[in-house]
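Good morning, colleagues. Please look at the model on the screen while I discuss its charged side chains.

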Amino acid sequence: MRLDKFLKVSRIIKRRTVAKEFTDNGRALVNDRVAKSSTDVNLGDTIELHFGERTMKVRVLSTKETTKKNESADLYEEIN
């Protein structure tokens, strides 16, 4: 699954166009490498997102194409 789609489906970022801009600006790392929106995301990958001063690090647990709002948090786990 593409990184921008994963961010949208998991509801980490609300819109896919915003997720695409966010990742294409170099603010996302997948497995400690700078990632573009088209980067493939697989089970077990680590995604690090830089929101200004705040950094969010998550591990991918599932890559479903669609999900309900209350199940979207099951796609990833937050890492400290």
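I begin with a definition: buried means under 20% relative accessible area, exposed over 50%, and partly exposed in between, with a 1.4 Å probe and protein chains only. This is a predicted model, in which local features need pLDDT of at least 70, side-chain atom pairs count only at pLDDT 80 or more, and totals for chains, interfaces and linings use all residues. Residues are numbered from 1 along each chain as its sequence is written, and side-chain values use heavy atoms, with hydrogens and water left out.

The structure holds 5 salt bridges, each a side-chain nitrogen of Lys or Arg within 4 Å of a carboxyl oxygen of Asp or Glu. One of them joins Glu65 and Lys5 at 2.7 Å, N to O. Glu65 lies in the loop between strand 4 (54-60) and strand 5 (76-79) and Lys5 in helix 1, so this pair ties together parts 60 residues apart in sequence. Helices (H or I, at least four residues) and strands (E, at least two) are DSSP runs, numbered from the N terminus. Lys5 is partly exposed, at 23% relative accessible area, and Glu65 is partly exposed at 48%.

Arg16 and Asp4 also meet in a salt bridge, at 3.4 Å, N to O. Arg16 belongs to helix 2 and Asp4 to helix 1, so the pair ties together parts 12 residues apart in sequence. Asp4 is buried at 2%, whereas Arg16 is partly exposed at 35%.
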